[in-house]
Amino acid sequence: MKCNEARRMVVPFVKKELSERDMEAFLNHVESCEDCMEELETYFMVYKAIDAIDTGTHEEYDFKKMLAEEIRAAKRCIIRRKATKVFQGVILAVAELLLILSIYTGVQMKQGLAADSIFERAILRLHMQQRDNTAEQLLTETESEQPESEMGETGEQEVTELEEETSDVGE
């Protein structure tokens, strides 16, 4: 912002008639330009003095302190409005995500896929793999743990019968 633009905004600032965007640009310029700050202080003192005369109060005022407080209040207002806009943007984004999620879920339910979501299918596959692995492991363990001596009489009879059958076929 140039000094000419800032000087045109001094009176509207003092009268609190600036928009948020103009006020922010004006304050940024005034804080970095001593000449414009002096002009603001002068107009502020005149405006407050006239206001004091109109209201009938004849107290001593610290105009610089009052102006500094006015500038701080304007900055707080700007920050609050910016934070509100950011908050509204975040709320809008969350609402849009929830809407998309609800539409997606509705489509899934309509297609009958609600119970078969990707995560549920993955979990089912893991359970099936674990079950298969456990079954294979049990079979392997029982086969390796059963020595020939523990086969029992029925196992020995079957072996003997098989040997006799093969010897009969060979003759």
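**Exercise 1. Find the salt bridge that Lys 16 forms with Glu 70, and describe both partners.**

Step 1. The closest N and O atoms of Lys 16 and Glu 70 are 3.1 Å apart. A salt bridge here is a side-chain nitrogen of Lys or Arg within 4 Å of a carboxyl oxygen of Asp or Glu.

Step 2. This pair links distant parts of the chain: Lys 16 sits in the loop between α2 (10-14) and α3 (20-32), Glu 70 in helix α5, 54 residues apart. Helices (H or I, at least four residues) and strands (E, at least two) are DSSP runs, numbered from the N terminus.

Step 3. Lys 16 is exposed, with a relative accessible area of 62%, whereas Glu 70 is buried at 18%. Buried means under 20% relative accessible area, exposed over 50%, and partly exposed in between (1.4 Å probe, protein chains only).

Step 4. Look at the backbone of Lys 16 too: its phi is positive, about 60 degrees, although Lys 16 is not a glycine. Most residues other than glycine have a negative phi.

A note before you go on: this is a predicted model, in which local features need pLDDT of at least 70 and side-chain atom pairs count only at pLDDT 80 or more, while totals for chains, interfaces and linings use all residues. Residues are numbered from 1 along each chain as its sequence is written, and side-chain values use heavy atoms, with hydrogens and water left out.

**Exercise 2. Describe the overall build of the protein chain.**

Step 1. How many helices and strands does the protein chain have? There are 7 helices and 0 strands.

Step 2. Reading along the sequence gives the pattern α-α-α-α-α-α-α.

Step 3. Of the 171 residues in the protein chain, 16% are buried.

**Exercise 3. Trace the other salt bridges.**

Step 1. How many salt bridges does the structure hold? It holds 9. Side chains of opposite charge can pair when their charged atoms come close.

Step 2. Start with Glu 39 and Arg 7, whose side chains meet in a salt bridge (2.9 Å, N to O). Glu 39 lies in helix α4 (residues 34-55) and Arg 7 in helix α1 (residues 3-8), so the pair ties together parts that are 32 residues apart in sequence. Both ends count as partly exposed: Glu 39 has 23% relative accessibility and Arg 7 has 33%.

Step 3. Move on to Glu 20 and Arg 81, where the N to O distance is 3.8 Å. This pair also links distant parts of the chain, with Glu 20 in helix α3 and Arg 81 in helix α5, 61 residues apart. Glu 20 counts as buried, at 17% relative accessibility, while Arg 81 is partly exposed, at 40%.

Step 4. Finish with a network of salt bridges, which links Glu 69, Arg 72 and Arg 76.

**Exercise 4. Compare Val 30 and Leu 40.**

Step 1. Val 30 lies in helix α3, and Leu 40 is found in helix α4.

Step 2. Are these residues buried or exposed? Val 30 counts as buried at 2% relative accessibility, and Leu 40 is buried at 0%.

Step 3. Leu 40 and Val 30 are 10 residues apart in sequence and 8.0 Å apart in space, C-alpha to C-alpha. The C-alpha atoms of Val 30 and Ala 6, 24 residues apart along the chain, are separated by 7.4 Å.
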